[in-house]
Each structure stands twice: as structure tokens, then as C-alpha cells.
Amino acid sequence: NNLVGQFPVYTDFQIESYWVNTKYGLANLYNLKTLDLADNKLAGKIEYAPLYNLYLLTDFDVSGNQLSGEVDALVTPSLRNVDLSNNRFTSMSRFKKYKQSFRTLRFCDVSNNTIHHDASDLLENIPPNIERFFASNNQIHGSLPDSLNFLSELRRFDMSSNAL
């Protein structure tokens, strides 16, 4: 693909001289299980809130774009795999225990961005069932939290090329 433009949560169109924000777009694909928009030219920030209604979405891949702003790795309730690598994200929202995907997330890749965050704060509540976590080549600093010692499912962990 060669998609260019903003992340397509909703579709906008013009009627005469009025722009209309329709209820068509990704946020209304309620039966969607996999969203792969990798390696395009999508830019700007992702509006996450409308995506929270995609209860069946298990795989979310927007790697290799030009997206910026904040990463929310727990973007949908059933998420198992999220790849947000190779973009221009500058921050990452902390993992929140109350989100349903806190228990389902197995794979998270946020490598090759410009995320500037304290490692202890960022990883303190990393999902307990995470198997693979990649956050290399960012601007993450500080020390790793002791909570990582209790992740029995963790198989691969890469935070190389940061300021740890």
C-alpha cells in the first residue's frame, strides 16, 4: 500500500461548503480482528478513544509510518499483539490495570521511535502476561523496575540503545 494522510479513525467528506465527520471508518468496523496499516505514509496523531469499541481486534500494526504523539499500547479490549515501531511517537501512556487488554496483551513493539520516558514509571505496570516487549532505539532513561522479575511469561525483552 501507499496510504498517505491522517490515521483514518473516521471519514470526513465535504457537502457544499460544510465538512462532515461521518460515522464511517475504522472505528465502526466492530467485527475487525486484525488491523494492519504497516509501511505506509500515515502521519499525525492517532485518536485512540474511538478504537476502544473494537472489542474483537486482537492485532494492531501501524509500524513503519510517520505517526506521532502518544502511544497507547492497550488500544482495544482484546488486543494481543501491537506493533507501533518505526514511527515518530514521543511518549507512551502508562499501562493501566483497569483496561481489559492489560490481561490479553502478549506482544508489544514500540522500538525505533523517540519516546522520552522514565523506564521505572513506564514499565511499573507492564501487563502480567506479556511474552515479548521491544522498546529499543528510543530515549527511555532511568532504571528498570523490580516488577520485571515477576513476569513469568516474558520470553524476549529488548530495550537496547536507550539511556538506561
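This is a predicted model: local features need pLDDT of at least 70, side-chain atom pairs count only at pLDDT 80 or more; totals for chains, interfaces and linings use all residues.
Residues are numbered from 1 along each chain as its sequence is written. Local features need pLDDT of at least 70, side-chain atom pairs count only at pLDDT 80 or more, while totals for chains, interfaces and linings use all residues, and side-chain values use heavy atoms, with hydrogens and water left out.

Let's start with the charged pairs. The structure holds three salt bridges (a side-chain nitrogen of Lys or Arg within 4 Å of a carboxyl oxygen of Asp or Glu).

| Salt bridge | N to O distance |
|---|---|
| Asp72 and Lys99 | 2.7 Å |
| Asp121 and Arg94 | 3.3 Å |
| Glu131 and Arg106 | 3.8 Å |

Asp72 and Lys99 are both buried (under 20% relative accessible area, with exposed over 50% and partly exposed in between; 1.4 Å probe, protein chains only). Asp121 is partly exposed at 30% relative accessibility, and Arg94 is partly exposed at 40%. In the remaining pair, Glu131 is partly exposed at 29%, whereas Arg106 counts as buried at 19%.

Now to the core. The largest nonpolar core has 39 residues (buried Ala, Val, Leu, Ile, Met, Phe, Trp, Tyr and Cys residues joined through side-chain atoms within 4.5 Å). Phe60, Met92, Phe95, Cys108 and Phe133 touch the most other members. Leaving aside neighbours within four places in sequence, Phe95 is in contact (heavy atoms within 4.5 Å) with residues including Phe102, Leu105, Leu122 and Phe133.
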